[in-house]
Amino acid sequence: MTKRVAFAQLSSCWGCDQSLVDLHFSLLEVLPQLEILYWPAVVDFKLKDLEGLPDKSVHVGFVEGSCRTENDLHLLKVMREKSKLLVAWGSCSCFGGVQGLGNQWTLSQLTDTKFFKPETVVNPRLPTENVPAFLDKVAPNPQHVPFDIILPGCPPSSKNTFDAVTALLTGAPFDLPQKTVCDQCTRTREEKRIKKFRRTHEGKIDPKKCILDQGYLCLGFATIGFCGAQCPAANAPCKGCFGPPPGVKDHGAKIISALGGIVEMEPEELRAAFPDPIGSFYFVDYAASYLSRITSKEDSKK
C-alpha cells in the first residue's frame, strides 16, 4: 500500500532535507512506496495545497525546523491536523535547535540587534510587509502539538531517516537507542582528570585517544548514540547536536554535572575556557532546558 507523506519546513537551515536527498540511490527503494502530498523543498507545493487536504489524510508527516514565526506555528498545527503520524524530524524540531539560543534575550533585544544596530544597516526599521510576525520565544515543537516519533540530529543521518521511514512503511517498531556517543566511540579512554581545556585549533588531537581525555570538550558522554560517533571518528569533538539520551531532562545540566566530577580547575579558569557556556553546553537544545524556561518567566514579569 502506498503511504501518503508530507514534509514541512519551519525555521531552519533545511539540512534535514539535504540529509534525506543524500540517500541518493537508496531513495529509489522507498520512493515507489510513497505518495508525496507536500514537500516544498523539492516540489512546487503551496500552503493551500496542504490546507486543502482532508484531516488525517497524510499517513506520515515530517516536520523540520522550529517555530520562530506565527506562520511556522500555523504550518505546524496544519501538519498535526492532516497527519496520522507526525515525526519531529531533526534537533530543531525536537528541541528548538540552534535558533533556540536566541531565548537568552528578549524579542526586542533580538530585533534591535538584527535590524537597528548593525553599522551596515541603512534606514533601520523593523520590516512589517511580506514577513510573518515573530514569536516571543522558540519552544520545542512537542510543546506546541503532540508528536508520535522523535528523530533527533542536526541533521539526522541519512541512515537514521531511512531506517525511520522504512520502519514506518513496514510497521516495524522504531525506538531511539539508550546508549551514548561514547558507547559507539572506539578511542582509548583513561581515567579523566582534566586540568585544562583547549580549543580545537590548539594543538593536535591524537586520533586514537579519548578526545575529552586530551582536554577538548567532547560531549559524547551526554549525547544520544544515534550518529555512529561520526565526529570523533573524523577526529573532531562531539558537539552534542543529537541531544541527550532518552530520560535525560536537561542536556546542559547533565553535561555540567558530569564535568564537575572530572575537572580540576579554578572557577576563573573554567569561565575563561567557556566564554559562551550556553552555546557550548546547549548547542541545539537550549529552548528545551530548564534555564530557558526560567528566563522566559523572568522576561514575562518585566
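Lys159 and Asp163 join their side chains in a salt bridge, with 2.7 Å from N to O. Before I go on, note that this is a predicted model. Both of these residues sit in helix α7, residues 158-170, and they are four residues apart, about one turn of the helix. Lys159 is exposed, at 55% relative accessibility, while Asp163 is partly exposed, with a relative accessible area of 28%.

How many salt bridges does the count give? It comes to six. I will go through two others.

One of them pairs Asp44 with Lys46, where the closest N and O atoms are 3.0 Å apart. Asp44 counts as exposed because its relative accessibility is 62%, and the cut-off for that class is over 50%. Lys46 has a relative accessible area of 41% and is partly exposed.

The other is between Asp148 and Arg80, at 3.2 Å from N to O. Which parts of the chain does this pair tie together? On the Asp148 side, the relative accessible area is 40%, which is partly exposed. Arg80 is buried, with a relative accessible area of 13%; buried here means under 20%.

Now the surface patch. Val21, Val42 and Val43 make a nonpolar surface patch of about 210 Å². Of these residues, Val21 belongs to helix α1, residues 15-21. Val21 is partly exposed, and its relative accessible area is 38%.

Last, the strands. Is strand β3 enclosed or open to the outside? Strand β3 covers residues 58-64, and seven of its seven residues are buried, so the rest of the structure largely encloses it.

Strand β3 has pairing partners that I want to show. With strand β1, residues 3-9, it pairs in the parallel sense over five bridges. Within that pairing, Phe7 has Phe62 of β3 as its bridge partner. With strand β4, residues 83-89, β3 also runs parallel, and five bridges join the two. Here Val60 stands opposite Leu85 in β4.

Which helix goes with β3 and β4 in a β-α-β unit? The helix is α4, and the unit is right-handed.

Methods: Residues are numbered from 1 along each chain as its sequence is written. This is a predicted model: local features need pLDDT of at least 70, side-chain atom pairs count only at pLDDT 80 or more; totals for chains, interfaces and linings use all residues. Side-chain values use heavy atoms; hydrogens and water are left out. A salt bridge is a side-chain nitrogen of Lys or Arg within 4 Å of a carboxyl oxygen of Asp or Glu. Buried means under 20% relative accessible area, exposed over 50%, partly exposed in between (1.4 Å probe, protein chains only). Patches are made of residues with over 30% relative accessible area and no salt bridge: like charges are joined within 9 Å, nonpolar side chains (Val, Leu, Ile, Met, Phe, Trp, Tyr) within 5 Å. Accessible areas come from the Shrake-Rupley method with a 1.4 Å probe; for residues, only the protein chains shown count as cover. Two strands pair if DSSP finds at least two bridges between them. A crossover is right-handed if, with the strands pointing away from the viewer, the path from the first strand over the helix to the second runs clockwise.
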